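This briefing covers the structure shown below. The points are grouped by topic.

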Amino acid sequence: MAYHSASFDSALAKAAGEDAAIAGELRAAFLGSVEQRLDLLKRARCDANWYQAAERLRGLAASFAADELMDLAQGALQAAPGEPTVISSIEAFIHKFGE
């Protein structure tokens, strides 16, 4: 697991306690949700859909205290729909997180 953030790890520890299995399930659920939000961004064809998908991504990141992802979502909010650099940055986050 290459992704490391003290705030994310702290949020995960608070939710899972000492149970490593639950922590693993929460990490997997988080990653799956990020992938779903990225899919929504990729399919957004108008400003409103792009903005909504970026807001959902930012909310997900905030709920897990994933600071890097919150920054990426904020960048998406400020970008035009379909901005390739935004998409590739989030894909890189997912790749790094999944290692």
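Predicted model: local features only at pLDDT ≥ 70, side-chain atom pairs only at ≥ 80, totals over all residues.

The side chains of Glu91 and Lys42 form a salt bridge, with an N to O distance of 2.8 Å. This pair joins distant parts of the chain, since Glu91 belongs to helix H5 and Lys42 to helix H2, 49 residues apart.

**Salt bridges**

- The count of salt bridges comes to four, the Glu91–Lys42 pair being one of them.
- Both partners of that pair are partly exposed: Glu91 has a relative accessibility of 33%, and Lys42 has one of 39%.
- Arg43 and Asp39 also meet through their side chains in a salt bridge, at 2.9 Å from N to O.
- Arg43 and Asp39 both sit in helix H2, where four residues, or about one turn of the helix, separate them.
- Asp39 is partly exposed, at a relative accessible area of 35%.
- A further salt bridge joins the side chains of Arg58 and Glu55, at 2.7 Å from N to O.
- Arg58 and Glu55 lie three residues apart in helix H3, which puts about one helical turn between them.
- Arg58 is partly exposed with a relative accessible area of 28%, and Glu55 is partly exposed with 25%.
- In general, side chains of opposite charge can pair when their charged atoms come close.

**Aromatic pairs**

- Six aromatic pairs are found in a search of the whole structure.
- One of them is the edge-to-face pair of Phe8 and Phe97, with 5.5 Å between the centres and 90° between the planes.
- Phe8 lies in helix H1 and Phe97 in helix H5, so this pair links distant parts of the chain, 89 residues apart.
- Phe30 and Phe64 make a tilted aromatic pair, 4.7 Å from centre to centre and with 50° between the planes.
- Because Phe30 is in helix H2 and Phe64 is in the loop between H3 and H4, this pair ties together parts that are 34 residues apart in sequence.
- Phe30 is buried at a relative accessible area of 1%, and Phe64 is buried at 18%, under the 20% cut-off.
- Phe8, Phe30, Phe64, Phe93 and Phe97 are linked into a cluster by ring pairs.
- Phe97 also has a charged neighbour: the charged end of Arg27 sits over its ring, 4.3 Å from the centre.

**Nonpolar core**

- The largest nonpolar core contains 29 residues, and Phe30, Leu41, Leu69 and Ile90 have the most contacts inside it.
- At least two residues of this core come from each of helix H1 (6–16), helix H2 (20–43), H3, H4 and helix H5 (84–98).
- In soluble globular proteins, nonpolar side chains tend to be buried together.
- Leaving out residues up to four places away in sequence, Leu69 touches Phe30, Val34, Leu57, Ala61 and Phe93.

**Helix H4**

- Leu69, Leu72, Ala73, Ala76 and Leu77 are the buried residues of H4.
- Viewed down the axis of H4, these buried residues fall within an arc of 150° and therefore line one face of the helix.
- The buried residues of H4 pack against H2, H3 and H5.

**Leu38**

- Leu38 is placed in helix H2 and counts as buried, at 5% relative accessibility.
- Not counting residues up to four places away in sequence, Leu38 touches Ile87, Ile90, Glu91 and Ile94.
- Glu91, one of these contacts, is also the partner of Lys42 in a salt bridge.
- Leu38 and Gly82 are 44 residues apart along the chain, and 11 Å separates their C-alpha atoms.

**Ala65**

- Ala65 is not a glycine, yet it has a positive phi of about 55°.

Conventions
Residues numbered from 1 in each chain as written. Heavy atoms only, no water. Core = buried A, V, L, I, M, F, W, Y, C linked by side-chain atoms within 4.5 Å. Buried < 20%, exposed > 50% of the residue type's maximum accessible area, 1.4 Å probe, protein only. Contact = heavy atoms within 4.5 Å. Phe/Tyr/Trp six-rings, centres within 6.5 Å; stacked < 30°, edge-to-face > 60°. Lys NZ or Arg CZ within 6 Å of the ring centre and 35° of its normal. Arc of directions from axis to C-beta.
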